[in-house]
Amino acid sequence: MPDSADSFAPSGTRSAHIPTLEDLEGALGSLDGQRILVRTDFNVPLEREGDTTRITDDFRIRAALPTIQWLVDRGAQVVTASHLGRPKGSPDPKYSMDAVRARLAELAPGVELLENLRYDPGEEGNDDAFARKLVAGIDGYVNDAFGASHRAHASIVGPPRYVPSAAGRQLQHEVEVLLVMRTKPARPFVAVLGGAKVSDKLGVIGALLDTVDALAIGGAMCFTFLAAQGNSIGASLFEPDQVETCRQLLANASKPIHLPSDIVGLDAAGNVQTFGPRLPDGAKGLDIGPGTAAEFGDVVMDSRTVFWNGPMGMFEDPRFAAGTKTVARAMADTKAFTVVGGGDSAAALAEFGLADDVDWVSTGGGASLELLELGDLPGLAALRVGAARG
Ligand code: AMP
């Protein structure tokens with residue numbers, strides 16, 4: 001680990017003190033018998049077969065246990081609440097919390113779980129009436145949903161207006177790790193970015209270029225950059241309206257941006273092939289090539305801090321998993337402080353059995369990118385404002 005944050009609000013960020021669980025206990029006097037609403041991120045991956053729903057990875061439920069246990073140990077009655085999937089503002093049995101509730105009952109017996117917050121349009125609409133409904137009969141609020149804290153939704157930003165509030169342990173640790181990385185990383189600091197959509201990540205790429213010593217870009221998003229360099233990209237995924245922005249980023253970057261020098265994909269006849277950085281007509285790039293994977297692996301091995309977000313290829317298909325696997329292996333083997341930012345890269349790491357070999361796996365992909373980009377999140381701002389109000 002690099003230096004840990006001096007406090008929950010490292011200097012150089014906009015974060016004034018964000019209240020912790022200890023602050024909440026102080027504000028309420030005692031937690032014994034108090035009803036505490038904990039906003040968790042139980043948006044877990046599900047697999048449905050007929051009428052049965054199975055949780056394929058309970059990582060996010062387990063991540064909330066330290067906070068829940070801390071509150072339970074002090075006699076609090078814990079009520080958890082989360083969103084799950086995208087039910088579009090009305091009840092939809094497909095997104096019922098039943099499977100999560102059953103798993104939570106095994107891990108933390110006696111802890112309540114409300115129904116899917118997104119069954120109510122007031123959640124995503126940030127409706128104050130819905131926030132007030134959530135805190136009715138509640139004595140204190142804890143946000144432990146890092147993965148949802150970049151959204152100004154009612155359950156994230158509303159409760160601190162009404163009841164004493166704090167960050168849970170998961171949220172606190174996520175923010176500490178990412179803000180230390182943003183403000184005082186051990187150098188060299190490299191970010192490895194992949195995944196499908198470059199438009200989602202352009203803001204963070206721009207911001208990261210101020211902080212990192214080098215960037216490595218793979219995944220489908222590399223093709224928009226390769227196109228910006230004038231390479232033919234065949235039938236690969238790319239975002240034509242982002243080519244100019246990528247061209248400017250490449251032209252103005254004062255740090256090295258590593259782009260693939262070889263690509264694995266399908267040729268026009270559907271055969272797996274390794275290409276150079278220029279793809280023939282009809283060919284589709286679906287993974288970084290072996291030379292690029294080795295280069296990115298070396299960059300990771302030679303760094304002292306690494307942030308990785310987004311798979312290097314369509315790793316769900318074993319024919320295109322090698323690049324992601326090489327990066328994951330380097331993340332596990334390097335002596336650098338390693339952080340994996342959520343979503344698909346975390347799933348890939350888990351699939352390769354390497355999740356325990358990195359320093360930090362963030363529970364939030366979008367939230368970790370936004371925190372690295374802006375140094376703040378709506379959910380954190382709400383907790384600070386709540387604390388200032390007293
Ligand atoms: P994201 O949600 O933006 O992190 O994108 C993750 C998804 O990108 C994964 O499901 C990958 O299969 C997909 N992906 C990565 N590289 C490629 C590629 N070259 N072509 C198509 N899909 C890709």
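The model is predicted, so local features need pLDDT of at least 70 and side-chain atom pairs count only at pLDDT 80 or more, while totals for chains, interfaces and linings use all residues. Residues are numbered from 1 along each chain as its sequence is written, and side-chain values use heavy atoms, with hydrogens and water left out.

Select the ligand together with its shell of 15 residues, among which A196, A220, G285, E316 and D344 come nearest; a residue is near if one of its heavy atoms lies within 4 Å of the molecule. The shell divides into seven nonpolar, four polar and four charged residues, where Ala, Val, Leu, Ile, Met, Phe, Trp, Tyr, Cys and Pro count as nonpolar, Asp, Glu, Lys and Arg as charged, and the others, Gly among them, as polar.

Next, show G285, where a polar backbone atom is 3.1 Å from a ligand nitrogen. Turning to E316, an N or O atom of its side chain lies 2.6 Å from a ligand oxygen, and for D344 a side-chain N or O atom is 3.4 Å from an oxygen atom of the ligand. The protein buries 80% of the 510 Å² that the ligand exposes when taken alone (Shrake-Rupley method, 1.4 Å probe).

Finally, select A27, P164, S165, G386 and A387, which lie nearest the centre of the second largest pocket among its 12 lining residues. In this lining, α1 (21-28) and α16 (378-389) each supply at least two residues (helices are DSSP runs of H or I, at least four residues), and the lining as a whole has seven nonpolar, three polar and two charged residues.

Technical notes: 1 Å grid on protein atoms, 1.4 Å probe; cavity = no way out; pocket = protein on both sides within 12 Å on 5 of 7 lines; lining within 4 Å. Polar contact = N/O pair within 3.5 Å; in protein donor to acceptor, adjacent residues only side chain to side chain.
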